[in-house]
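Please keep the sequence and the structure in view while reading.

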Amino acid sequence: MSIDRRTFLKGSIASGLALSFPNIVTAARAKTYRTALIGSGWWGMNITGEAIASGRCKIVAMCDVDDHQLNPAVEKVKGLTGDTPKRYKDFRELLEKEKPDIAIVATPDHWHPLCAIAAVEAGAHVYVEKPIGHTIAEGRAMVNAARAANRVVQVGTHRRISPHCISGRKFIQQGRAGKIGSVRAFVLYGGGPEKPKKNMEPPKGLDWNMWCGPAPLRPFNGNIDNPWGGGIHPRGFRQYLDYANGTLGDWGVHWVDQILWIMEEKWPKTVYSTGGRPIKGPPILTAEEQTSDAPDHQIATYEFEDFTAHWEHRNFAGNTAEKAENVGCYFYGTKGTFHMGWQKGWTFYPLGKGQKEIHEGPQLNDPDSQNIKELWADFLNAIETGKRPVCDIELIHRSTNMSLLGMLSLKLGRSVQWDGEKEVIVGDKTANKLLRRKYRKPWIYPRA
Ligand SMILES: NC(=O)c1ccc[n+]([C@@H]2O[C@H](COP(=O)([O-])OP(=O)(O)OC[C@H]3O[C@@H](n4cnc5c(N)ncnc54)[C@H](O)[C@@H]3O)[C@@H](O)[C@H]2O)c1
């Protein structure tokens, strides 16, 4: 038998098998990715759950600076898989010793850049959470590091793969809402005045100095009993501007990302933002106590060539006057208003008399109504095919910039003109200084 014929026969048997038993053949060929988690809190564990559920990933190591987060996370993985991942408190040691194929970065925002860059440089593909960083120049450094190391970097903006967001995007792009002249993105929840919380000694097992890392070292005020208790850790960092960028940097990234994605834009020309804390009250930081310092409401306007977008968040009053949802984006077109939402899916409210609303419900996964499963599958596909993932780092760098430019304008108190090609603010030295910030020693700001 000639080699050609043998090869042909082998191929025919394989393809015959593949047709009869596709799962067996795919599983036999499939690689198992040695996967590590950095930041084993709420969302990191949601991602880890989907990595395990994919059947393609073995969780070999987990890292957190807080034993109270790390130990239950390791136990959870052990319960799900029977494996005990190695525990680390320093991501650098994890990367050096484990050399994972994949690293999930789900720390607070101020740590994303250094962890993600170190991971790609150590040879890992990275799934990093949004917003990708705390200042704009960090994002550029992350994009460059991903490209230099030729690693896939997927960002957790799962709405780009949510079935109802995909169909809603198609609806708008087919012109069924008419020509879109403006977009309003919003997150409107109730809330009230903020009482200062007492500063306290960090609990044993939490390395608070490492938690703060490159960001300023604030006194610790924990959410020991309630993760949404108003303190910094866990979860509460979102409203502390040393570590995050308030609601626009947190929830907002998902919705300003929808604007860029649906309208096929890269960046706005001009950004202006205003806001404050009339309800939460002035920020407090003393040796005894502190409050958060992010605005309790904010409005940001974004000018594009053909339309204007604006962002609005409020941590008071909710949104009882509107029927759509507390969160989402309204796309205002010549044929009516399209609401892209979350748990309520999307709805088109036509302008024409007698025309019926059109609605599509969401297809979200538990827990917490997300589409991480689909985004994880896309991530593995990108690793295997060399295609860019749907939430590629460069795309979500631009979406993160939308939020960060809004925060930058709020801090400056004036509008800024954005040169998205060069990633600089036009003719404004003071504003350009805010594209980066000083890191606390010994951490070094990443070079783009
Ligand atoms: N894509 C989404 O829909 C979505 C939803 C929720 C949260 N997130 C993002 O996930 C990230 C984490 O948020 P969370 O709510 O899970 O917070 P969390 O406080 O529950 O978890 C963060 C964990 O990171 C740990 N950590 C801090 N510094 C670290 C370091 N240097 N090395 C290792 N671990 C470190 C903390 O101790 C904590 O356990 C945030 O960036 C957030 O924006 C995304």
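The model is predicted. Its protein chain is divided into domain 1, which covers 12–159, and domain 2, which covers 162–369 + 392–433. Both domains contribute to the shell around the ligand, with at least three residues from each.

**The two domains**

- The C-alpha centres of domain 1 and domain 2 are 25 Å apart.
- Contact between the domains involves 31 residues of domain 1 and 35 residues of domain 2.
- On the side of domain 1 that touches domain 2, at least two residues come from each of H3, helix H4 (67–81), helix H7 (136–149) and S6.
- H7 gives the largest share of this side of domain 1, namely six residues.
- By class, the residues on this side of domain 1 are 13 nonpolar, 11 polar and seven charged.

**The shell around the ligand**

- There are 30 residues around the ligand, and those that come nearest are Gly39, Gly41, Trp43, Gln69 and Pro234.
- Helix H3 (42–53) and helix H9 (208–212) each provide at least two residues of this shell.
- The largest share of the shell comes from H3, with three residues; H3 also supplies at least two residues to the side of domain 1 that touches domain 2.
- The shell consists of 12 nonpolar, 11 polar and seven charged residues.

**The sheet of six strands**

- An open sheet is formed by six strands, and their order is S3-S2-S1-S4-S5-S6.
- The pairing in this sheet is parallel.
- Strand S3 (86–88) and strand S6 (153–155) are the edge strands, and each of them pairs on one side only.
- On average, neighbouring strands of this sheet are turned by 20° against each other, with direction ignored.
- Strand S1 (residues 33–38) and strand S4 (residues 102–105) run parallel and are joined by four bridges.
- Within this pair of strands, isoleucine 102 in S4 has threonine 35 opposite it.

**The sheet of 10 strands**

- A further open sheet has 10 strands in the order S16-S15-S14-S13-S7-S12-S11-S9-S17-S18, and its pairing is mixed.
- Strand S13 (residues 327–333) and strand S14 (residues 336–340) run antiparallel, and five bridges join them.
- In this pairing, phenylalanine 338 in S14 stands opposite phenylalanine 331.

**Helices that lie across strands**

- Helix H13 (residues 393–412) lies across strand S9 (270–276), strand S11 (297–303), S12 and strand S17 (416–419).
- The direction of H13 is at about 60° to S9.

**Cis peptide bonds**

- The peptide bond from histidine 233 to proline 234 is cis, and its omega is near -10°.
- Proline 234 belongs to the loop between H9 and helix H10 (246–249), and Pro234 is also among the residues that come nearest to the ligand.
- Aspartate 366 and proline 367 are likewise joined by a cis peptide bond, with omega at about -10°.
- Proline 367 sits in the loop between S16 and helix H12 (372–385).

- Lysine 99 is not a glycine, yet its phi is positive, near 40°.
- The loop that holds lysine 99 runs between helix H5 (91–98) and S4.
- Lysine 99 counts as partly exposed because 14 C-beta neighbours lie inside 10 Å.
- Glutamate 264, which is not a glycine either, has a positive phi of about 50°.
- Glutamate 264 is located in the loop between H11 and S9.
- Glutamate 264 counts as exposed because it has 8 C-beta neighbours inside 10 Å; the limit for an exposed residue is 12 or fewer.

Conventions
Residues are numbered from 1 along each chain as its sequence is written. This is a predicted model: local features need pLDDT of at least 70, side-chain atom pairs count only at pLDDT 80 or more; totals for chains, interfaces and linings use all residues. A residue is near a molecule or strand if its C-beta atom, placed from the backbone, lies within 6 Å of it. Ala, Val, Leu, Ile, Met, Phe, Trp, Tyr, Cys and Pro count as nonpolar, Asp, Glu, Lys and Arg as charged, and the others, Gly among them, as polar. Domain bounds come from an automatic or database domain assignment. Two strands pair if DSSP finds at least two bridges between them. Axes are lines fitted to C-alpha atoms, for helices over the stretch in contact, and angles run from 0 to 180 degrees between N-to-C directions. Two residues are in contact if their C-beta atoms, placed from the backbone, lie within 7 Å. A residue is buried if 20 or more other C-beta atoms lie within 10 Å of its own, exposed if 12 or fewer, and partly exposed in between; C-beta atoms are placed from the backbone.
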